[in-house]
Each structure stands twice: as C-alpha cells, then as structure tokens.
Amino acid sequence: MSKTDYYELLEVTKTCSDGELKSSYRKLAMKWHPDKNPGNAEAEARFKEISEAYDILKDPQRRAAYDRFGHAAFDGGMGGGGAGAGFGNDFASTFSDIFDDLFGMGGQRRGGGGGRGGRERGADLRYNMDITLEEAFSGKAATVRLPTSIVCETCSGTGAKAGTQPTSCRTCSGSGRIRQAQGFFTLERTCPTCQGRGQVIEDPCPACAGAGRTTRERTLEVAIPAGVEDGTRIRLANEGEAGVRGGPPGDLYIFLSLAPHEFFQRDGADLFCRAPISMVTAALGGTFEVPTIDGDTTKVKVPEGSQSGKRFRLAGKGMPVLRTRNRGDMYVQVVVETPQNLTRRQRELLAEFDAECSKETHPESSGFFAKVRDFFAGDAE
C-alpha cells in the first residue's frame, strides 16, 4: 500500500517555508493528539502519520532526500544504510521542540508515556459534587467515595512477584530504544519489547498481573471552603490513580455544582430575592422581615410611597468572598401586591380613594398619560 504524501499529510505545499511547516504541524498535532482523543484509534494513527512526516521534513537534508526520491529514501528502497547516522532521533523525542511550545513540558506528556524503569505517572481523576447554597455559604467537610487504582500491597508497586525484581530488557539492553537503518538514515525508536521502559518483568506479581497497582474503593475527606461558586474546582494532589510500577500518583479534581435555591439568586458574592408587600405598606411605609442565608432574619424598612420593583440593599448580608473575611450584599426587591377578593365595603373605600386622587397622589401615572395626550394631540395637528 502506497503512503500518503508527507506534504499532503501536513496540509502544506512542497515550497512551504520551515515556519509554515512547523505552524501547520503544531495545529494538526493539537487536533489529533491522543490526549485530546482518548480511545480514538483513528486519531492515534493520524497523529503518528503527521509526526512521521514532520520528523522527515523538518530536517533540511531529509527533506531534500524526500523531495528527490520520495518515500523510497527511507524505506530501504534506495539501498545502503548508515549514511544518515547522526540524524536519527527517538520517536517520542523527535517532537520535543513542538511539545515545548504546545505543553511546556519538554515533550513529556503529563500522566502518559513510559518512564525509564517502567515508572509511569497515574491518571488524574474527576469527581462531580452537588452542594446547596447554604453549604457554599458556610463550607463543609464532605466525604468522597470512589473506586481508583492504588499501589499493590503484595509487590509494593514493583509489579514483580515477591522475591524477584524487574530485569533489564535484552532487546534494547535497558535503554528503552533500538536503532534501525532505513535508507540513508539510522533511526531510533521505542523498544517494542519493553515499550520504552528499559525493564521487563519475567515473573509478574499474581495480585496485580505486573501492573504494580490494584483497584479498590477509597474514602477521602474533602474540605469545601466557604464562598465557593458553581463550577469551582478543588485539586487534591496525589489522590488520583496510583502510578504504574511505583510511578507517582495522579491528582483528584473535585468539581462543584450548586443546586438552585428556592429564595435566593446569586451573582458572585451578592444575593438577590423578591418580596411581596401590600399596597398599604407601599403607600404608608412600614417594615417586613426576610430570611438571610446564614439562617437568621433581618428587617427591611419600606419608606412611604415606595413603588413596585424598588430594591433595598442590605450590606454584608450576602455570600462570603472566597479566602477572605469579606461578604457580599443582599438585595431585596419589593413587589407591590394588588388586593384580590375584595368585600363590598373595601370596594367602596377604594372607589372613594380613587375619586379623591390627584396628580400629586399618582405623579408617575399622571405624567405618563399627560405625555400620551400630548403625543396624540401633536398627530392631530
């Protein structure tokens, strides 16, 4: 089966500059990287193809050979070996310059890849936790139960049966890499026997089948600080999956979701609520009580002539500001309630009141209807 043209794989032209080549590879590497496409075999194969293409074309001499002879320059079709000695690189390290830009980790992906001696970092874990607004206000100590990988107690994480130890890989002599001549060049690649670890386990631990870790449910105590918001992420270092064969553990991330509250709405550290008041209270003034998030109540003083929608600020009655001693404010918006199911006498009193109303009694509505009359009077002219 013929290989796809390297320039076509990298979506560049044959005359592209080194900068254009690198830029296109970076974009494609980010798109098809296995860490961004977990479990996607097609993405993994595509990533290897574009990585192989870039490995060849980024080197001026290799690129010149490819431009002249095509794939035959590297598949042994041109005969001879060792002419390119000195240009070979490990399959993983050939992209270190790109990984420095993409991940800032010198080509070592967090949580992936084999380490020398088989020590691999464990995977990070995610746990979603629902909490109430009251719990976000006061903070809480939560208990988390989750199944995860822990260090095998039988072999202490080595992966080898008790009384034995991992041995140096005979294929690569413990280096984790092997050299292979391809056309003009001698290339290095990851050892297929030990997968780059440099060691093999000839007599694996029966409890963990050589992985150095087993799966078990763990119980952790998590301190939720006061003032957390919806979507807050809490990191518990080294509480993720255990590493392979004694490698360092991953981290556990707790993602918090706040349940809707029946009375309060939250905006940052401020709380908002609506409270109905009677028409008489709005007209004559008065006070009413509202609950606060700390479980107490507070009085709201309504001045005479308050209108529906007026908002009152209660300083320092909101949510705590994370990692400070400050608190937000609470805002109470009053809604004037229109009376219903009136008796005959109540209707008579309201009718008498309405008959005696003046512009001074209802300045806003009087001003509005005056503008309406002026508007239609102007149209009539």
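I take a salt bridge to be a side-chain nitrogen of Lys or Arg within 4 Å of a carboxyl oxygen of Asp or Glu. I am working on a predicted model, where local features need pLDDT of at least 70, side-chain atom pairs count only at pLDDT 80 or more, and totals for chains, interfaces and linings use all residues. Residues are numbered from 1 along each chain as its sequence is written, and side-chain values use heavy atoms, with hydrogens and water left out.

**Entry 1: salt bridges**

I searched the whole structure and found 13 salt bridges. I began with Glu 202 and Arg 170, whose closest N and O atoms are 3.0 Å apart. This pair links distant parts of the chain, 32 residues apart. Glu 202 sits in the loop between strand 6 (199–200) and strand 7 (213–224), and Arg 170 in the loop between strand 3 (167–168) and strand 4 (177–182). Strands here are DSSP runs of E, at least two residues long, and helices are runs of H or I, at least four; both are numbered from the N terminus. Are Glu 202 and Arg 170 buried or exposed? Both are exposed. For this I use relative accessible area: buried is under 20%, exposed is over 50%, and partly exposed is in between (1.4 Å probe, protein chains only).

Next I looked up Arg 235, which forms a salt bridge with Asp 251 at 3.0 Å between the closest N and O atoms. Arg 235 lies in strand 8 (residues 233–236) and Asp 251 in the loop between strand 8 and strand 9 (252–258), so the pair ties together parts 16 residues apart in sequence. Arg 235 is partly exposed at 48%, whereas Asp 251 is buried at 1%. Shared partners join Arg 121, Asp 124, Arg 235 and Asp 251 into one network of salt bridges.

**Entry 2: helix 4**

I then turned to helix 4 (residues 60–69), where Arg 62, Arg 63, Ala 65 and Tyr 66 are buried. Why do I say they line one face? Seen down the helix axis, the buried residues fall within an arc of 160°, so they line one face of helix 4. The arc is that of the directions from the helix axis to the C-beta atoms. Pro 60, Gln 61 and Arg 68 are exposed on the other side.

Arg 62 has a salt bridge with Asp 55, the closest N and O atoms being 3.3 Å apart. Both Arg 62 and Asp 55 are buried. At the N-terminal end, Asp 59 caps helix 4, with a side-chain oxygen 3.0 Å from the backbone nitrogen of Gln 61. Just after the helix, Gly 70 takes a positive phi of about 75°.

**Entry 3: nonpolar cores**

A nonpolar core is a set of buried Ala, Val, Leu, Ile, Met, Phe, Trp, Tyr and Cys residues joined through side-chain atoms within 4.5 Å. The largest has 36 residues, and Ile 224, Ile 254, Phe 288 and Val 332 touch the most other members. I also found a second, separate core of 22 residues, which includes Ala 65, Tyr 25, Trp 32 and Leu 57.

**Entry 4: Glu 134**

Last, I checked Glu 134 in helix 6 (residues 133–138). Glu 134 is partly exposed at 36%. Leaving aside neighbours within four places in sequence, Glu 134 is in contact (heavy atoms within 4.5 Å) with His 261 and Ile 293.

Definitions and conventions:
A polar contact is a pair of N or O atoms within 3.5 Å; within protein, one must be able to donate a hydrogen and the other to accept it, and residues adjacent in sequence count only if both atoms are side-chain atoms.
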